[in-house]
Amino acid sequence: MVVWGFEIGELLAAALRYRHLRFQQFCIKIIIKGIQKSEITDCDTGGCGMSVTDNGGVYFVPAFSGLFAPYWRNDARGVIVGMTSYTNKGHIARAVLEATAWQTREVLDAMREDAQVNLTALKVDGGMVYNNLLMQFQSDVLGVPVIRPQVAETTALGAAYAAGLATGFWSSLEELSENWLLDQTWESKMDAVEREGCYRLWKKAVSKTFDWV
């Protein structure tokens, strides 16, 4: 992440290396002012996330209003952990994307435990499914195929289908199911050892969000 021409990692490292209070304050002011001026907005999560091969050990937990399922912790607050002087905007962007996948896994794990049914594939919809990096990572962390349909706006499609059934435009649910068309499928490329190791670090990051209020 670059702020006013400085790598944010370099500024943080310098602030820690030179334990001079005024120098540390100077570095922090540069970072804050740069973010306020939105000088990092040229980084979209997809493009920046693809600029690095992994998250560099960075984890982002978006607990801005607490944590919902499966934690139900209203005392949690958002954190970014694992940053070093090596961290750049690509690592942070990738961590933001990966947070969505990890939260999805946590909910699906809770559902599997309650229902005693194993997930064999995940069909996705919504705007985020057009981020191919996220879809691949989602498959990686679940260990199952992720399937995207040609029409990903399922909520709007469902409303149209309901209206069509009510007016007789379609005669049955079976007829509707024939309209479903595959766009793309992602298969997991991450081995189980790596998957569970990353999941353990995600859980550790989540634990850092607790007891803030």
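The model is predicted: local features need pLDDT of at least 70, side-chain atom pairs count only at pLDDT 80 or more, and totals for chains, interfaces and linings use all residues. Residues are numbered from 1 along each chain as its sequence is written, and side-chain values use heavy atoms, with hydrogens and water left out. The chain has 8 helices and 7 strands; helices (H or I, at least four residues) and strands (E, at least two) are DSSP runs, numbered from the N terminus.

**Overall picture**

- Of the chain's 213 residues, 37% count as buried; buried means under 20% relative accessible area, exposed over 50%, and partly exposed in between, using a 1.4 Å probe and protein chains only.
- Among contacts (heavy atoms within 4.5 Å) between residues at least 6 apart in sequence, 73% join residues at least 24 apart.

**Confidence**

- The average pLDDT, which is the predictor's confidence in each residue from 0 to 100, is 84 for the chain, and 78% of the residues score at least 70.
- Residues 15-21 have a pLDDT below 50, and this stretch has 6 contacts in the model beyond near neighbours in sequence.
- Over residues 35-42 the pLDDT also stays under 50, with 9 contacts beyond four places in sequence.
- Where pLDDT is low, the predicted coordinates should not be read in detail.

**The nonpolar core**

- A nonpolar core is a set of buried Ala, Val, Leu, Ile, Met, Phe, Trp, Tyr and Cys residues joined through side-chain atoms within 4.5 Å.
- The largest such core holds 33 residues, and V61, W102, M135 and W202 touch the most other members.
- Two or more core residues come from each of strand 3 (59-61), helix 4 (89-115), helix 5 (132-142) and helix 8 (192-207).
- Leaving out residues up to four places away in sequence, W202 touches Y59, F60, V61, A99, W102, Q103 and E106.
- In soluble globular proteins, nonpolar side chains tend to be buried together.

**The pockets**

- Pockets are found on a 1 Å grid over the protein atoms alone: a pocket is an open set of points where a 1.4 Å probe fits, with protein on both sides within 12 Å along at least five of seven lines, and lining residues have an atom within 4 Å of a point.
- The largest pocket has a volume of about 310 Å³; grid points are joined across faces, edges and corners, and a volume is the space filled by probe spheres set on the points.
- Its lining has 14 residues, of which P149, V151, T154, L157 and W180 lie nearest the centre of the largest pocket.
- Helix 6 (154-167) and helix 7 (173-177) each give two or more residues to the lining of the largest pocket, and helix 6 gives the most, with 3 residues.
- That lining divides into 8 nonpolar, 4 polar and 2 charged residues, where Ala, Val, Leu, Ile, Met, Phe, Trp, Tyr, Cys and Pro count as nonpolar, Asp, Glu, Lys and Arg as charged, and the others, Gly among them, as polar.
- The second largest pocket has a volume of about 170 Å³, and T104, V124, D125, M135 and Q138 lie nearest its centre among 13 lining residues.
- Helix 5 supplies the largest share of the lining of the second largest pocket, 3 residues.

**P149 up close**

- P149 lies in strand 6 (residues 146-149) and counts as buried because its relative accessibility is 7%.
- Beyond four places in sequence, P149 touches V124, W180, L181 and D183.
- P149 and V124 are 25 residues apart along the chain, with their C-alpha atoms separated by 7.6 Å.

- R77 lies in the loop between strand 3 and strand 4 (79-81) and is partly exposed, at 29% relative accessibility.
- Setting aside neighbours within four places in sequence, the contacts of R77 are A63, F64, S65, G66, T209, W212 and V213.
- P70 lies in this loop too, and a cis peptide bond with omega of about 5° joins A69 and P70.
- W72, found in the loop between strand 3 and strand 4, has a positive phi of about 55° although it is not a glycine.
- W72 counts as exposed because its relative accessible area is 61%.
- Q116, in the loop between helix 4 and strand 5, has a positive phi of about 55° and is exposed at 66% relative accessibility.
- Most residues other than glycine have a negative phi, and most peptide bonds are trans.
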